[in-house]
Amino acid sequence: MEKNIKTVEISHLVKKFGHFTAVDDISFDVYKGEIFGFLGANGAGKTTAMRILCGLSRPTSGQGTVAGHSILKDQEKIKRHIGYMSQKFSLYTDLKVWENIELFGGIYGLNDKQIVSKTDEMLKALSMENARNMFVRDMPLGWKQKLAFSIAMAHNPEIVFLDEPTSGVDPVTRRNFWELIYKAASDGVTVFVTTHYMDEAEYCDRVSIMVDGRIEALASPALLKERYEARNMDEVFSKIAGRAKREL
Amino acid sequence: MKEIFAFIRKEFWHISRDRRTTLIVLVMPVVQILLFGFAISTEVHNAVVDIVGDTTDPIVRNVMSRIEGNKYLSIGEIHDMPSQAEARLRKGRAKAVLFFERDFDKKFNSDGKAVVRIVSDGADPNTAQIVTGYIQGVLQSEQLALTEEMIGQGRVSMRPNLQLMYNPAMNSSYNFVPGVMGLILMLICSMMTAVSIVREKEMGTLELVLVSPVKPFWIILSKLTPYLVLSIINYVSVLLLAHYVMGVPINGSITLLSLASLIFVGSSLGLGLLVSVISKTQQTAMLLCGMGLTMPTMMLSGIIFPCESMPVALQILSDIIPAKWYIIIVKRIMIQGVGAQAIAKELAVLSCMMFFLLGISIKKFKTRL
Amino acid sequence: MWKYLLKKEFKQFFRDPGMPRMVMVFPLIIILVFPFAANMEVRNIRLAVVDNDCSDQSALLIEKCASSGYFKLLSIAKSPAEAQKTMDRGDADAILTINSGFARYLESSLRTGDPIPVGIKVNTVNGTRGSIGAQYLNTCVSSFIASAIGGIGGASVAGAGQFEIHDSFRYNPNMDYKVFMIPALIVIAITMMCGFLPALNIVSEKERGTIEQINVTPVRKTTFIICKMIPYVAVAYYMVFTCLLLAWLVFGYKCQGSYLDIVIFTFAHILVMASFGLLVSNYSENAQQAMFVIWFFSMVFMLMSGIFTPVESMPKWAQVITYANPLRYFAEAMRAIFLKGSSLVDTWPNLLSLLGLGSITTTWAILSYHKTA
């Protein structure tokens, strides 16, 4: 990662739903090409925070920029520079693989020629050439994930947001998926990923742990293990998040 | 047995949690019966009649004042030229035009005969027929008066005695409100049931429940129970409104009516269940009930258009719609005040439908999953 | 961007298991089945007779009524009570009671003011059917009596002036209910297609989560919404013209007015209905609620639009409500164009109202649709 360029800058972000404070004054920065892990128990506020960064939700107070644009005023501009993969994978299940690629490619402004070449490139990289005409609903879970990720990357965004991208998948497929993430990061894309698989936390450059809406820790996995005298991230997590009051 | 009650309790919790939907389902029928009960009517009020004729003529003036005095008609505009009247008809501003021929007075008194032409907007044949009928009635009264003037009272007015049975005031609501009751009860009940069950199917919680040691038959019945209760609440509110607000009488036995309604609700539940079995998504269930059930029921079951006026083929088709039988029962009990004997046939048919629908949908339910 | 979104919408539309089939079937049902049902004509009035006079004259009267074509004569009842039971059971619509003394009445002197020994009872649960039945019976009896005594006293009746009444019915000389209902049924079909379906579509995208994926892209919400509507607009036009074609092929009905007017009105109506559906789904917490609310409004719109029963027959407060009902304007205009050949010169108030409603609902729908919550 390039420590000089910040792609995400967040300061004192708060999000309330009525009386419930989902995100309670968080501040952090993320650097270009960094793999930033956003950890926390269910209900800690991770997804809410991520949705604000993506421009899907408006913060109650606080400010920040994503890819150089304000999260308060320029949500639409942000969307041009980011990619997103939601927990539900959000591809159109009644469309074929190549049709999904075409749709999202076109939405992000790729022209027909670019779409065609991108499609070929992507299918080759994912070894899915034979699945070109398969309906997404007929694909196994691991394939859907990889496809969703590739589509999120298709328009070369600066930052890609991944919300629990590997839930429900076997360890081998998860490892493969992370290969894709590494590749993207080495190409200079900032990867912002939420997860509650603690072994994945080890793969990140830096990790933040949210508890009850606040960031309780923010550092590289190595530093955190040292600080909390833990052998692995699992232990770090239990020590920090064990104090959590909120859990879904 | 204990488990079944547990299931039933759980179903009620589901409903009480989704307060908005429950509210919608309880309030909708009330609003609908109020709106439709009053709005669906074929009575003609103040139909606009234009005149083309010489208004200095006393006969013309008499007819005009009779029309004004008639509660169903009212005078529109008076024209010199027929073409103006035609334009009014085309724009829909007048329902009929009354043409008195030229030199009407002279022709009437000297020649003994003068032509009056009633030209009505035939687009809606029903209204046209009624309006023409009223205008003819007015002309006949005027005719009568003039003739009596001439030859003195006597046997000129020859009418048999007329008794209007069951609905002497000829309130349109007597005819339509039972229909609306049936429509609302059936559609809301089956929609509610179908969509909720399909929702559980989609979410996967249905499978969970079916894996339990309780027999599927009881599970299904427990599923239907809350909708039964809601439908009963709807029935009561609709009946109360129909009687107290819309003035539809309850001349027969309420117990009998409620029994019939219970059976009808049962058949609607069966329909809803059947729809939920064949639908894969909530969308499909909604479409099947909202469009697939609504349209035929509205058009064919005698709610608005009388079954007797339909061609035989459609009458046979309407026989398979439960709502048709229910509405007949409701009208007979409420308005005609008859007893169980008079509706025995319809009640039997309705009961058979209920058993059939429930039976077939429960069977399909078990096999589909 | 439009190109790709449109491609997606059309593909999804045709791949839906039920949709294309429904679109094909609907026009057929609307033209081939429903018009035959939609009929308020009073026919086949079942007549029960009680004959206490048992004379030639009474038999003649019964014969006259039976052959008039209005009635279906049931068997002659043995007593008034039995006839009444028949009516209670719903097997008779009217009862003609000829009391003893009928034949004598016809032969007796003209100047007596005795009442006629004939009674008519009609079932007025359906007021129209009852009153028309009464009218027919009345006419039959009165004209029978008049012709029976006509020879004797008729001369004195002549001499007074007589109205010669001609009646005719414009636009629909055969009093054919079908041609009146078909334009209105088309309106209903379009309403269901364009009101129900796009809203259901958006709500299910919401529930599936794909809408979030779109919200995160630079696609403008207006673009997304319009692209979603376009297949349904296309479907609506397809249905209108298929129905018109079928109506011509099957019944020979031709549209008296201009097709362009129909196109314009259809568009205005689609605008209102589709944006209304979107509006409802924007405010609903889940698909179930959205669907119920939309169904509720569809029912209200349909039944209070003048399609089945006239707006003029409604109480004043209900008529006021219909001013906000797009179907009222559309159905009225469709009927005027199809049956009367009215042009925009006559129908412009309807168009203006539709467009007015449309601009309100569209603006509100777009404003209330948030890509960012």
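Modeller: Start with a definition: two strands pair if DSSP finds at least two bridges between them. Keep in mind that this is a predicted model. Now take strand β4 (residues 113–121) of chain B. Nine bridges join β4(B) to β5(C), and the two strands run parallel.

Colleague: Which residues stand opposite C:D167 and C:I165 in β5(C)?

Modeller: B:I118 stands opposite C:D167. B:V116 stands opposite C:I165.

Colleague: In what order do the strands of the open sheet that includes β5(C) come?

Modeller: Five strands make up this open sheet, in the order β2(B)-β1(B)-β3(B)-β4(B)-β5(C). The pairing is mixed. Now look at the ends of the order. β2 (73–79) of chain B and β5 of chain C stand at the edges. Each has a single partner strand, so one side of each is left without a neighbour in the sheet. Neighbouring strands are turned by 25° against each other on average, direction ignored.

Colleague: Which strands of chain B do helix α3 and helix α5 of chain B lie across?

Modeller: Take the helices one by one. Helix α3 (residues 58–69) of chain B lies across β1 (47–52), β2 and β3 (96–100) of chain B. α3(B) runs at about 140° to β2(B). Helix α5 (residues 104–111) of chain B lies across β3 and β4 of chain B. Against β4(B), the angle of α5(B) is about 130°.

Colleague: Now the chains. Which of the two pairs of chains that touch has the most contacts?

Modeller: Contact here is a matter of distance: the C-beta atoms of two residues, placed from the backbone, must lie within 7 Å. By that test, chains B and C have the most contacts among the two pairs that touch. Chain C puts 90 residues into the contact, and chain B puts in 93 residues. On the side of chain C that touches chain B, several elements each supply at least two residues, among them β4 (118–123), β5 (162–170) and α8 (177–208) of chain C. α7(C) gives the most to that side, with 13 residues. The residues of that side divide into 46 nonpolar, 28 polar and 16 charged.

Colleague: And how far apart are the nearest C-alpha atoms of chain A and chain B?

Modeller: They are 14 Å apart, and chain A and chain B do not touch.

Colleague: Stay with chain C. How many residues of strand β1 (residues 45–51) of chain C are buried?

Modeller: A residue is buried if 20 or more other C-beta atoms lie within 10 Å of its own. Five of the seven residues of β1(C) are buried, so the strand is mostly covered. Then look at its partners. β1(C) pairs in the parallel sense with strand β2 (residues 71–77) of chain C over five bridges. C:V49 has C:I76 of β2(C) as its bridge partner. β1(C) also pairs in the parallel sense with strand β3 (residues 94–98) of chain C, over five bridges. There, C:D51 stands opposite C:I98.

Colleague: What kind of β-α-β unit do β1(C), helix α4 (residues 56–66) of chain C and β2(C) make?

Modeller: They make a right-handed unit.

Colleague: On to chain A. How does one describe two packed helices?

Modeller: Two packed helices are described by the angle between their axes and the distance between the axes. Here is a case. Helix α5 (residues 141–153) and helix α6 (residues 171–186) of chain A pack at an angle of about 10°, with axes 10 Å apart. That angle makes α5(A) roughly parallel to α6(A). Residues in the contact include A:F149 and A:M153 of α5(A), and A:F177 and A:L180 of α6(A). The residues of this contact divide into five nonpolar, three polar and one charged.

Colleague: Which strands of chain A are the edge strands of its open sheet of six?

Modeller: Read the order: β6-β7-β8-β3-β9-β10 (chain A), with mixed pairing. β6 (82–85) and β10 (214–219) of chain A are the edge strands, and each pairs on one side only. Neighbouring strands of this sheet are turned by 15° against each other on average, direction ignored. Inside the order, five bridges join strand β7 (residues 159–163) to strand β8 (residues 190–195) of chain A, which run parallel. A:V193 of β8(A) is the bridge partner of A:L162.

Colleague: Which helices lie on those strands?

Modeller: Helix α1 (residues 46–53) of chain A lies across β3 (35–40), β7, β8 and β9 (206–211) of chain A, at about 150° to β7(A). α6(A) packs on the sheet too, touching β3, β7 and β8 of chain A. The direction of α6(A) makes about 150° with that of β8(A).

Technical notes
Residues numbered from 1 in each chain as written. Chains lettered and ligands numbered in written order. Predicted model: local features only at pLDDT ≥ 70, side-chain atom pairs only at ≥ 80, totals over all residues. Helix = DSSP H or I, 4+ residues; strand = E, 2+ residues; numbered from the N terminus. Nonpolar A, V, L, I, M, F, W, Y, C, P; charged D, E, K, R; others polar. Axes fitted to C-alpha atoms, helices over the stretch in contact; angles between N-to-C directions. Parallel < 35°, antiparallel > 145°, perpendicular 65-115°, else oblique. Buried ≥ 20, exposed ≤ 12 C-beta atoms within 10 Å, placed from the backbone. Right-handed = clockwise from strand over helix to strand, strands pointing away.
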